[in-house]
There are 2 protein chains.
Amino acid sequence: MNHFVFIYLGNFLMFPKTLSGHENPVCLVLQWLLEKPLFVKGNTDGAVARESTERNCSLTPPYLPSTAVNTSLQLEELRVQMRAMNISAYIIPATDAHLSEYIAPRDARLAFMTGFTGSAGTAVVTLNKAALWTDSRYWVQAERQMDCNWELEKDVSISSVAEWLISEVPKGDEIGFDPFLFSLKTQGDYNINLDSSDRSLKSITENLVDKVWKERPSVPPDNLTRLPDRVIQRTWQEKVEHIRTQMGDNPYKPTGLLLSALDETAWLFNMRGNDIPYNPFFYSYTLLTMDEIWLFLHVERVTEELKVYLNASCEGALCVQLKGYDTILDHLKNYVTRPGVKVWIGTEYTNYALYEVITPQDKLLTSSYSPVLTTKAVKDETEQQILRDAHVRDAIVVIQFLMWLEKTVPEGNATELTAAEYVDKCRSKQKDSRGPSFATISASGPNAALAHYSPTKETNRRLTVDEMYLVDSGGQYLDGTTDITRTVHWGKPTEMQKEAFTRVLMGNIEISRTIFPSGTRGVNMEMLGRRALWEVGLNYGHGTGHGVGNYFGVHEWPVGFQSNNIGFRAGMFTSIEPGYYKENDFGIRIEDVAVVVPVQTKYGNNYLTFDTVSLVPYDRKLIDMSLLSSEQLHWLNKYYETIRSLVGAELDNQGLHEEKDWMLRNTEPFAEIGSSASVSSSSLTLIALAVAMLHNIV
Amino acid sequence: MNHFVFIYLGNFLMFPKTLSGHENPVCLVLQWLLEKPLFVKGNTDGAVARESTERNCSLTPPYLPSTAVNTSLQLEELRVQMRAMNISAYIIPATDAHLSEYIAPRDARLAFMTGFTGSAGTAVVTLNKAALWTDSRYWVQAERQMDCNWELEKDVSISSVAEWLISEVPKGDEIGFDPFLFSLKTQGDYNINLDSSDRSLKSITENLVDKVWKERPSVPPDNLTRLPDRVIQRTWQEKVEHIRTQMGDNPYKPTGLLLSALDETAWLFNMRGNDIPYNPFFYSYTLLTMDEIWLFLHVERVTEELKVYLNASCEGALCVQLKGYDTILDHLKNYVTRPGVKVWIGTEYTNYALYEVITPQDKLLTSSYSPVLTTKAVKDETEQQILRDAHVRDAIVVIQFLMWLEKTVPEGNATELTAAEYVDKCRSKQKDSRGPSFATISASGPNAALAHYSPTKETNRRLTVDEMYLVDSGGQYLDGTTDITRTVHWGKPTEMQKEAFTRVLMGNIEISRTIFPSGTRGVNMEMLGRRALWEVGLNYGHGTGHGVGNYFGVHEWPVGFQSNNIGFRAGMFTSIEPGYYKENDFGIRIEDVAVVVPVQTKYGNNYLTFDTVSLVPYDRKLIDMSLLSSEQLHWLNKYYETIRSLVGAELDNQGLHEEKDWMLRNTEPFAEIGSSASVSSSSLTLIALAVAMLHNIV
């Protein structure tokens, strides 16, 4: 799944305020979708289109579609709180206290206040105005969901928000914000932009929206769980010791390490929860010192068995002292008063509330990512093996799905939504399945050209043999997280579709087969995914890959091809996902997950390459073989051999004979002759020449 | 020339203090080299090796080689100055007030104080100690040139200098520095590292070294010159208007633009000088506002004719008001006091002295590079054409040189130094020659494995048919600056040498032929220069290319493949220079200059590629054709066609018949059959099969 797509998915992760937080979030998404009004055009599968689905605040009285949410009450109540705090404006971001990509319903404050359920945005409320900033993907949605209390602002830069604040807030007044929802960088950016304007920020640790959000979903009561021994290699005690070694080796001699990202604590203790849709995380912080461990969570969710597991009844170096989730700030303040302490934080995931109490400066040590995130990025042998295993089972899911589509689409009964349901159902039947790792992207024809698309009843298209189809889906398994995209055509693709598909595939292969020194950064190699497209003037507007976890986030930082990702080391897993999108026509993405592995070279040591662990064949009909180089062809044949061996065995194991035949048909080796067009033509000329000579002589 | 090499070259740009600044710096280098003691080993061309060329301060009395400089007097006098300023330490960097890469003799303060003439280093003097920080390339040199007043420190990070300062300077004391010699970043880094240590920096605008440097070379008295009309397209008035338009378009509405880098002022006014060796620059600053122009320079060097040219007798928007070079600070302070002004600076080239007077914050506007540098990066049509022309003449120089070596080396009379002299002499004979653009790197066998090598009498090797030879040289011409590297072998290269050379060549070609969207950054493409090497576990430890100027610096920022370079646009010129260095054995670098040009693609607009303007064939003997892909081969043949056409015509023009024969022999087209090894072998198998069938049937 690519990053733009990801951002959009958040759309389905925020819920109308009438829903409580106790239900399965995935079911909630579906339920909510079913309740949404229909809006249909073109080949969409549904009833008649309605008009005026967007608000019109310039009419008297204003026109509001039925999708708009009346926010007068919550605004009025928030302003009461603001007056009590003596602030003239209040900033409401879209994230949670752990700066998570996905958030839980109880953190959907932006949606509660504005009605707008898109994942990206910032709201600002003054005593007489309210405005939402969101990017172009969401403008239509915002116009449908917001009432006329809200202005929509389209320049999402912090300087634009600041400019608006300066125009609306009187000189000398204060602008409130919840420091738990701001990263260091966000706070810094606001500060710079408000600098010398005579308006200042006021950090208010009690969230004002929460005070007026009466039906705010509560924290899920579900017990937390520990991973079974069969999926772990390192006990939490070993991990703690390993991290402490890194603390001891650090020249700045930190005495404590503060963990804020939800997967940091979950990883350290080999635990999981169910608080965030699609992500097996639980609300938590950890403060790890050289001789104590404080784990901040909702203690009532920790069973007696888990307490034993965590050695929670003592205070030694390997005892986990359980503390209430909400006590982190006081505890940290307290710790910082101790003489000689220095707290290490990763700046990318620590919120401003925790950062600002670590004073003076010499009690603070920062790096972009905590040593837990950089350690976790390199999977141990067990993690590598089980993540590979999960991908073998996941390949069977996608093969079942593609085979089903081949049969069903020509009959005319499949739609984007039924297809998404089918692939999710296939996944749920595999061993250790824990549901999808994100909302399946099932996109036909022009819908696939929106890189951030997910089907809704409004946009749902019937699948036909005349359109390309893109499916980007993934699963959570107890042993791993998967994420794969395939693009197919059941009829006759155009030459341009074939060329674009082949060049996307060439990009995927060029990254996958490249050999590079350990530590090379993805951002310096990702152009290999674009180069074959660039050659003919094509490109794509999203990133080229992201880390994936072991039953963790489907976007696992800091691995990947973005500029803030760290260098590749053996044992890291990343997606590789070039694409091409032709507006109002079709979309192509080919996404595989690969593990970084050592490779033997002729002269040097410490070189790496990728080994693809997603094991599903590409649509043969869409490959123009004359474009592939001999090296690309060779790579493809080796890849298909691996699919036959690994997936073949598992298909046998699961007794899926028809699927095995399908897989074998689709992984037939390609003839390895010729490379790029110019070469094969010159080689063919020579062969033709030889053959011609033969005939003449005969 | 690559960047590591560049840094080393500075070695020859700093002179013993006994030399005055009035002489031709290139001659001075040679003169200085002749005076240096001999130190010979292996195949070097000279007398017997001497022992103990490095100081030994642990003996009593200390052993000092004859190359060591007695610095007791200057240290004593500097400390007098320091006591008068009430500072406990003084920091002496290696750069000048324009943060230049190359410096003039009068700015060689580090060399004057320490005796050490390497280009990279920082010295710190306290009231009873003195230390020099320099990197590994210079440790031996520093041990030869410094006396026992100086400690040598090997960790060159600012944090290491700061740590030393904290250990040597009493709490509460101040550390002096010349803010003209510090960039914003350097000052910031010292500040961060001294933060909370209770030692603080003190900015002292009068340089204390200058106060004790009695024989400090003066500013060259040479008159400044303007470029002739035939090499310019835009008058200075047009350039000024164009920059003012950019100032007006800037949303932060700057009222003034401060130009600090020496090539900024020289470019704006189409003027040149002779103050820095190898660089046609002159000491200058410019403050450009919407309605005034102040040019700060040594006014006595401006002729009456130039004053007319600059319209220097008025004060209007297109009048250049000439001000003394040393008045910039006062003038800037004065300007900043005006109400409503905002001064735009490029942070990469503005020194801290100027930066610190632009207060408060809202009078300052920063970008990494000034609009002059980013505008200058894109050459206009005339600049492009004359820079191409200069490269045609320069190709003749290198062809003459390579032909001469082919004859001379087997006779046993050529050395690295005589070869360097020869190529410099050839250049001096070409039209519009203005001398070399840097000290020629002429390196045989193991010497070429040091990427920063330049020959000296000590290290000079005789050239033989048994060793590879690398020559990296360039010229200043009135119409352009050139920089080219070729690596050759006159005997029988090893398989490994051929493979490494071929893979370096493949890297050069892969960058040169790649197609990319306008604005793509070099850092995101430079791995193409390494990929063929990586494939077999080889690599190189320097950058892959840098901008070049029109009769300007041979390293022209901000163009190139480094992380702080800007995205490529049509009309930029960059070097492309992958390499490979085998320690104690040989070194390979293949460097060409290329211009970024628009390219027509099948589907998209606004795509670019490179057009190589260095026009000298590669050593055929070193190319393993079986490794090249068909695309690489095709590129090579097209390149050779271009050489034949452009250089052939100029060779005819200059009546160089023997050279033309040599060029034609060395640009014979390669047979375009087969691509990579695997393809050609499979094609050949098929052909063999067809031929075998033929024979059987016959």
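B:Cys57 is partly exposed, with 35% relative accessible area. In this predicted model, B:Cys57 is bonded to B:Cys148 through a disulfide, one of four disulfides over all chains.

**The disulfide of B:Cys57 and B:Cys148**

- The sulfur atoms of B:Cys57 and B:Cys148 lie 2.0 Å apart, and the link is left-handed, with -90 degrees about the S-S bond.
- This pair connects distant parts of the chain, since its two cysteines are 91 residues apart.
- B:Cys57 belongs to the loop between helix H2 (25–35) and helix H3 (72–85) of chain B, while B:Cys148 belongs to the loop between helix H5 (139–145) and strand E4 (151–153) of chain B.
- B:Cys148 has a relative accessible area of 32% and therefore counts as partly exposed.
- The loop between H2 and H3 of chain B also holds B:Pro61, and a cis peptide bond with omega of about -5 degrees joins B:Thr60 to B:Pro61.

- In chain A, A:Cys314 is joined to A:Cys319 by a disulfide with an S to S distance of 2.0 Å.
- The torsion about this S-S bond of A:Cys314 and A:Cys319 is about -105 degrees, so the disulfide is left-handed.
- A:Cys314, at 25% relative accessibility, is partly exposed, whereas A:Cys319, at 7%, is buried.
- In chain B, a disulfide is formed by B:Cys314 and B:Cys319, with their sulfur atoms 2.0 Å apart.
- The S-S torsion of B:Cys314 and B:Cys319 is about -105 degrees, and this disulfide is therefore left-handed.
- B:Cys314 is partly exposed at a relative accessible area of 25%, and B:Cys319 is buried at 7%.
- When bonded cysteines are counted along the chain, the disulfides of chain A have the pattern 1-2, 3-4.

**Helices H15 and H16 of chain A**

- Helix H15 (residues 381–411) and helix H16 (residues 416–428) of chain A have axes that come within 9 Å and cross at roughly 145 degrees.
- The crossing of H15(A) and H16(A) is right-handed.
- H15(A) contributes A:Asp394, A:Val397, A:Val398, A:Gln400, A:Phe401, A:Trp404 and A:Leu405 to the contact, and H16(A) contributes A:Thr418, A:Ala419, A:Tyr422, A:Val423, A:Cys426 and A:Arg427.
- By class, this contact of H15(A) with H16(A) comprises nine nonpolar, two polar and two charged residues.
- A:Cys426 is buried, at 6% relative accessibility, and B:Cys426 is likewise buried, at 6%.
- A:Leu417 also lies in helix H16 of chain A, and its relative accessible area of 18% counts as buried because the cut-off is under 20%.
- Apart from neighbours within four places in sequence, A:Leu417 is in contact with A:Pro455, A:Thr456, A:Lys457 and A:Asn460.
- A:Leu417 and A:Asn460 are 43 residues apart in sequence, yet 6.4 Å apart from C-alpha to C-alpha.

**Nonpolar cores and buried residues**

- The largest nonpolar core has 67 residues, and those with the most contacts inside it are B:Phe401, B:Leu405, B:Tyr469, B:Tyr618 and B:Leu636.
- Helix H15 (residues 381–411) of chain B supplies the largest share of this core, with 13 residues.
- Not counting residues up to four places away in sequence, B:Leu636 touches B:Ile509, B:Tyr618, B:Ile623, B:Leu628 and B:Phe670.
- A second, separate core of 66 residues includes A:Ala443, A:Ala448, A:Ile588 and A:Ile643.
- In helix H6 (residues 158–168) of chain A, the buried residues are A:Ile158, A:Ser160, A:Val161, A:Ala162, A:Trp164 and A:Leu165.
- Among the elements covering these buried residues of H6(A) are strands E1 (89–92), E2 (122–126), E3 (130–133), E4 (151–153) and E5 (174–177), together with helix H7 (184–194), of chain A.

**Backbone features in loops**

- Most residues other than glycine have a negative phi, and most peptide bonds are trans.
- A:Thr359 and A:Pro360 are joined by a cis peptide bond with omega of about -10 degrees, and A:Pro360 is placed in the loop between helix H13 (352–357) and strand E14 (364–367) of chain A.
- A:Asn86, a residue other than glycine, has a positive phi near 60 degrees.
- A:Asn86 is in the loop between helix H3 (72–85) and E1 of chain A, and is exposed, with a relative accessible area of 62%.
- B:Asp198 has a positive phi of about 65 degrees although it is not a glycine, and is found in the loop between helix H7 (184–194) and strand E6 (200–203) of chain B.

How values were computed
Residues numbered from 1 in each chain as written. Chains lettered and ligands numbered in written order. Predicted model: local features only at pLDDT ≥ 70, side-chain atom pairs only at ≥ 80, totals over all residues. Heavy atoms only, no water. Axes fitted to C-alpha atoms, helices over the stretch in contact; angles between N-to-C directions. Helix = DSSP H or I, 4+ residues; strand = E, 2+ residues; numbered from the N terminus. Left-handed = near helix turned anticlockwise from the far one by under 90°. Contact = heavy atoms within 4.5 Å. Nonpolar A, V, L, I, M, F, W, Y, C, P; charged D, E, K, R; others polar. Buried < 20%, exposed > 50% of the residue type's maximum accessible area, 1.4 Å probe, protein only. Core = buried A, V, L, I, M, F, W, Y, C linked by side-chain atoms within 4.5 Å. Disulfide = S-S within 2.5 Å.
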